[in-house]
Each structure stands twice: as structure tokens, then as C-alpha cells.
Amino acid sequence: MDVLGGATLEVCVAQFWNQLGSHEVDVAVDFHGITPAGSQSARSPGGASGLGAAIAINGNYGVVRTDFSAAVRPEYGVRPKATLDVLRMALRPLSAAVAPCASERDIHPASGVAIHRLVLDYALETKSDGATIRPRLPALDSKIYESWADDFALAIFDANKRRVASQISYTASVTLRRRGSYLVRVQIRHRNEKDLEALRAAPLLVDMQLAAKISVPTFPTLAAAFTGTVVGSRPTASGGIARGATMPLFFRTELTGVPPEAAPGDVLCGSLSLSAQTAELPIEYVVPARARAAEKPEPAGGGGADSEASLTPAEKDRSALDEAMRSLRIAWIRKAKDDGVREQLVSDLLASDVLAGGAPEDGGDDGGREERRRDADNDFRAAVLSAQLDALDPARRTHLPWSDGAKLTAEAARSAVGVADRIVELTYPLALTARLHQNQNHQAAGVSDADRRRRKLAEAARDRLVGALTAKCRALAFLTTQPTASSRSSETSVDFIDVVSASEDGGEKSGGGGGGGGSHWLADYEKTVSDLTRWTGEKQQDEDAQFLVATLPLLVAKQCHGRALLSALRWIDRAPLLESNAAERTAMVELRDLLVSQLGWSVWADHLRDLALVERPPSYEAL
């Protein structure tokens with residue numbers, strides 16, 4: 001067992017409660033210990049918080065030397081092994097507020113002075129599911145009688161404002177089940193308001209367990225630290241330290257496997273094991289400054305002369321100005337409030353010649369130049385139509401197509417279908433090129449600049465094609481639904497067109513907020529979902545909320561309510577709790593509730609409605 005050196009140790013031997021009679025006991029206590037020689041460790045007033053003494057290794061030094069001594073007895077079988085398994089980050093508060101406590105019990109009965117509290121909010125983001133963290137304020141936590149503050153407490157909230165952990169005085173490790181954004185709220189209470197004001201910028205230390213341990217190379221000599229070989233008579237695998245003698249140990253600070261979320265100045269914590277008989281020593285590694293990324297060499301292989309070099313400065317300025325004006329007008333397609341202004345912008349841009357201003361061309365034969373001009377023109381027109389598609393359904397990334405927030409109309413949905421078809425027509429040939437080259441390295445040697453630009457253009461075409469198919473699915477999902485009278489109330493209910501009945505009717509159904517649906521809309525919807533599935537991978541189909549919101553109504557139309565609900569539940573359970581996907585999470589929860597209602601599971605629907613106050617409270621819970 002590990003004991004603290006330099007202090008009095010009391011050993012108590014007692015007989016177990018169910019062992020009767022007297023017994024003879026032979027007790028032998030052997031002490032071992034290897035400690036840093038001199039004052040080579042930095043101490044923190046953490047006390048029981050686990051921050052005690054640690055060997056500091058600055059990653060910016062390249063090589064760090066530490067001497068060790070055996071103060072108790074000679075130590076043999078020395079086999080140094082250093083590993084790091086905890087990332088310690090320092091966070092500054094996003095906000096701080098000092099206010100008197102509102103409760104009458106927090107007012108001194110004699111003086112009438114109220115106890116004040118300081119509330120600090122810290123933002124924390126985890127990169128993986130099941131991350132284990134331990135937040136702490138070393139100067140305050142893990143103390144009671146010797147604590148300066150009257151009270152110290154913290155709570156952790158997820159992106160839904162749900163409290164997932166709370167601690168008072170003594171902090172402990174917490175496992176966060178979901179990857180996402182979290183808020184750590186700290187409360188410090190004290191009778192002096194001015195003393196609390198001094199802590200408004202107090203940093204919070206967060207210890208995060210690493211998924212894999214990082215090994216720190218150790219060497220017996222300075223030369224061995226650079227060459228990686230043993231220079232001298234002392235072996236690295238085994239050795240000994242005489243009592244009172246010292247042994248130098250050199251740490252190589254250029255490490256591999258440092259997590260990308262570790263910023264310069266953060267600390268990686270771990271332990272150093274010197275022998276099997278001695279206790280492990282804590283070590284702290286300061287993350288060094290990041291190395292500059294190596295500049296990629298120009299790939300070999302000719303790409304033809306670039307005609308941009310032959311342009312005059314005036315021609316370059318005109319070309320850049322034309323490009324900037326086109327980008328500005330495309331952006332205004334999304335911003336325009338008047339439909340007439342938007343239609344005029346789209347018409348003018350589609351009628352313009354994207355290469356009239358003298359866009360650069362690559363060398364090659366006339367056929368190749370003409371093909372590149374055509375690809376660039378199609379890309380420009382697809383960008384204009386994509387902006388028009390965003391304007392027709394501006395909430396397609398955040399709301400269900402039939403929800404109040406989407407504000408989608410039957411006329412806009414039909415227009416979106418037509419615009420999406422035009423985008424697919426423009427981008428499909430070039431998007432096929434992106435699929436052919438999706439596993440190739442654009443920066444590989446032998447790839448010309450012209451081919452590299454063409455592949456980037458092909459990738460943009462593929463992304464626009466997928467976006468157009470997704471928007472078309474949303475529009476068709478709207479057109480193949482008929483909201484009931486309660487759909488615009490708090491309890492949304494949508495009647496989906498049944499595939500068989502729609503085919504038997506042979507025509508459109510009139511009426512309803514969706515503007516009617518019919519067999520031809522439903523058939524087009526089914527074909528569009530099939531096309532979209534071919535252009536997306538399995539991971540995107542499981543993790544992309546936009547894909548699910550656009551395609552799951554087809555399963556409901558086919559009376560596959562259970563499959564649709566399973567996909568929605570799987571996404572809600574696995575999606576990271578981030579601020580950036582809050583709208584998507586809200587849309588998926590709305591879709592889940594809608595599917596449960598469609599199945600007629602009223603008991604589960606009531607349970608989900610009651611559970612919403614717990615899973616997604618309107619505000620943060622008070623400490």
C-alpha cells in the first residue's frame with residue numbers, strides 16, 4: 001500500500017469479529033520509496049482533491065531531466081514507465097453574477113447582513129460518448145472546515161438544460177453519456193460581497209479521462225534521449241539506486257497521441273512507475289505550442305498554362321468585381337422579402353453569362369476548354385437555383401415541412417419540386433465524376449491543377465444535388481399529407497396518404513392545408529427517396545436529421561409506422577447534445593411525438609408529454 005513519506009504512520013492490528021480466541025501474529029513492515037531529489041515537484045493547495053505533488057514536464061523543453069533518490073533503503077529492479085491518461089483543461093467563465101441570497105435563512109440574525117453568492121457559468125464540450133470528467137476549483141473544493149467560503153457547489157447541465165450531475169463541497173468524477181455541449185454552473189457563497197467580486201474570472205479545472213494512455217519515453221542519459229539508444233553503462237530496463245544516491249532520468253517531451261482538443265498550455269496528467277515495490281509518482285505534462293503544418297509541395301505533373309496569368313490588372317479587377325457582385329446577388333435571393341424582387345434576381349442571374357468577365361481557363365484542346373466552361377456555367381446556375389430553393393423553404397433545416405415554423409405552402413412546395421428538378425439536371429453529370437473520384441487524393445502527385453479544380457467543382461455539384469433531392473423530398477412529403485383540423489394546434493396530427501388507396505383513386509385528393517396529394521405526387525416522392533438514398537451513405541442516413549425528416553414520411557405513407565418511429569428514436573438517442581443542432585433535435589422530437597400519435601399509443605404519448613418537462617426543462621434548475 002502507498003503511504004505518505006515524512007509523516008508518522010500508525011499501524012493498527014485487530015482480530016476479525018468472527019475469529020474467537022487468541023492468536024499469535026508475526027508482523028513485518030518493509031518500507032520502500034523513490035522520490036524526486038530536492039524540490040523538483042510543484043505543489044497545489046488541493047489537499048484531498050488529488051492535485052498534491054507532481055513532477056512537472058514542460059512539453060516545450062524538448063528534454064526534461066529529473067533526479068530521483070532512495071531515502072529509505074537501496075532499491076533494485078528500477079524500470080521507469082511513464083504514462084498520461086487525463087487531460088486537464090482550464091476554463092474561464094462565460095458569465096459571472098454576484099447577488100445576495102433571497103432566502104431569509106441566509107441573513108445573519110444579529111447583524112441583518114445577507115450572505116452573497118457568486119454564480120459562474122462555464123462552457124464545456126465533449127468529443128465522444130461516455131466521457132468521464134471531474135470539474136474542480138482547487139482553492140475551494142474538497143474542503144469544509146478550512147474552507148474560506150461559506151459554501152461551494154456546482155451542477156452540470158446538458159444542451160437541453162437538464163441537470164445531469166450536482167456536487168457540494170467535494171467534487172467527484174462524472175460520466176457524461178452523450179457527446180455534446182454542457183454548462184457547468186458553480187456557486188460560491190460568502191458574507192463579503194467584495195471578496196466574491198475578486199473571483200469573477202476564476203478558472204475551472206476540468207479533468208477528462210483519455211480514451212487511450214499516452215506513453216512518455218524515458219532515458220538514462222541526455223544523449224540517449226536524442227538517439228533513442230543507451231549510451232553509457234546504466235541499462236534502461238533494470239538497475240538500482242543505492243540509499244542516499246540519486247539517479248537521473250530524462251523525459252522526451254515530443255509526444256505522439258496528444259488529443260487534438262488539448263490546447264497549448266493544457267496539462268496532461270498521469271503517473272511514473274519506477275519499480276514494482278515503490279509507489280507511483282504523479283506527473284504533469286504541459287502541452288507545448290503547436291507545430292506549424294508543413295507546406296504541401298506543388299504536385300508534379302502539368303496542368304497547362306493558366307490564362308489568369310495573361311490577364312491585365314484591369315481585366316483581373318473586372319473579373320473579381322463581377323464575381324463579387326454575382327455572389328452578393330445570390331445572397332440576396334435568400335434575403336429578399338418580396339417574391340417579385342426574388343424572381344427578378346433569379347431570372348437576371350440565370351440569363352447572365354458567368355464567364356463573360358474573363359474567368360480563368362486552363363490550357364488544353366478546345367473540347368476540354370468548352371467542357372470546363374460548361375461545368376462552370378452549370379455550377380453557377382445550380383448555385384442560383386439552390387439559393388432560390390432555400391428561399392422557398394427557409395426552415396427546411398430546422399422544422400418539419402408541415403409545422404407552423406416551416407410556413408410552407410402548397411404553391412411553394414410545388415415550386416420547390418420544379419426548382420429541385422432543374423438543379424438535379426444541371427449537377428447530375430458532374431456529380432457522377434465526384435462519385436468516381438471520391439476515394440482519390442486531390443493533392444496526390446501527378447494530379448494537375450485543372451483536374452484538381454474540376455474535382456472540387458464535382459464535389460460541389462454532388463452536394464447541391466443531395467441538397468436538392470432532400471428539399472424535393474420535403475416538398476413532396478408536404479404535398480402527400482393533409483393536416484387535420486388539429487394540425488395547427490398544440491397537438492399536431494397529420495393524415496398520411498395511403499399508397500394503395502392513392503393508387504386506387506387515380507387522382508389527387510383535394511382540400512387540406514397541404515394543398516392535396518395524389519398518386520403522382522406519392523410515386524414521385526418514392527422515386528426521389530430512392531434517388532436520395534443512392535447518393536447518401538449509411539452513416540448519413542442514420543445520423544442526418546434532414547435526411548430522416550425528409551424521408552420518414554414515406555414509411556408512414558406505406559403504413560410502416562414502426563420503422564419510421566424506430567429510426568426517429570435511434571437518432572434522438574444517439575445525436576450529440578450540441579447547441580448547433582438544437583433545432584434539429586426539436587424537429588426530431590416533434591416527429592417522434594407525431595408518429596406515436598399516428599400509432600394510437602396514447603399512453604406513451606401522455607408519458608412523453610410529461611417527460612418533456614424533465615428532459616427539456618424551460619430553464620436551468622437552481623442550485
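In what sense do strand 6 and strand 14 pair, and over how many bridges? The two strands pair in the antiparallel sense, over 9 bridges, with strand 14 covering residues 204-216. The model is a predicted one. Its chain holds 14 helices and 23 strands, and 41% of its 623 residues count as buried. Among contacts in the chain with a separation of 6 or more, 76% are between residues 24 or more positions apart.

- Strand 6 spans residues 81-91 and is mostly covered, with 8 of its 11 residues buried.
- In the pairing with strand 14, L87 has M208 as its bridge partner.
- Strand 6 also pairs with strand 18 (residues 267-273), through 7 bridges and again in the antiparallel sense.
- On that side, V86 is the residue whose bridge partner in strand 18 is C269.
- As a general point on strands, side chains in a regular strand alternate between the two faces of the sheet.

**The open sheet 1-4-17-15**

- An open sheet is built from 4 strands in the order 1-4-17-15, with antiparallel pairing.
- Strand 1 (35-36) and strand 15 (218-219) are the edge strands; each has a single partner strand, so one side of each lacks a neighbour in the sheet.
- Strand 1 is joined to strand 4 by 2 bridges, and the two run antiparallel.
- Within this pairing, P36 is placed opposite F68 of strand 4.
- Strand 4 (residues 63-69) is joined to strand 17 (residues 246-252) by 7 bridges, also antiparallel.
- Two of the residue pairs can be named: S69 has T246 of strand 17 as its bridge partner, and V64 has F251 of strand 17.
- Strand 4 is largely enclosed by the rest of the structure, because 6 of its 7 residues are buried.

**Helix 11 against helix 12**

- Two packed helices are described by the angle between their axes and the distance between the axes.
- The axes of helix 11 (residues 545-557) and helix 12 cross at roughly 165° and come within 8 Å.
- The two helices are therefore roughly antiparallel to each other, and their crossing is left-handed.
- The contact has 8 nonpolar, 2 polar and 1 charged residues.
- From helix 11, the residues in contact are A545, L548, L552, L555 and V556; from helix 12, they are H561, R563, A564, S567, A568 and W571.

**Helix 12 against helix 13**

- Helix 12 (residues 561-574) packs on helix 13 (residues 582-599) at an angle of about 150°, and their axes are 9 Å apart.
- This angle makes helix 12 roughly antiparallel to helix 13.
- The crossing of helix 12 past helix 13 is left-handed.
- On the helix 12 side, the contact is made by H561, G562, A564, L565, A568, L569, W571 and I572.
- On the helix 13 side, the contact is made by E584, R585, M588, V589, R592, L595, V596, Q598 and L599.
- By class, the residues of this contact divide into 11 nonpolar, 3 polar and 3 charged.

**Residues of helix 12 that meet both neighbours**

- H561, A564, A568 and W571 are listed in the contact with helix 11 and also in the contact with helix 13.

Technical notes
Residues numbered from 1 in each chain as written. Predicted model: local features only at pLDDT ≥ 70, side-chain atom pairs only at ≥ 80, totals over all residues. Heavy atoms only, no water. Pairing = 2+ DSSP bridges. Axes fitted to C-alpha atoms, helices over the stretch in contact; angles between N-to-C directions. Parallel < 35°, antiparallel > 145°, perpendicular 65-115°, else oblique. Left-handed = near helix turned anticlockwise from the far one by under 90°. Contact = heavy atoms within 4.5 Å. Nonpolar A, V, L, I, M, F, W, Y, C, P; charged D, E, K, R; others polar. Buried < 20%, exposed > 50% of the residue type's maximum accessible area, 1.4 Å probe, protein only.
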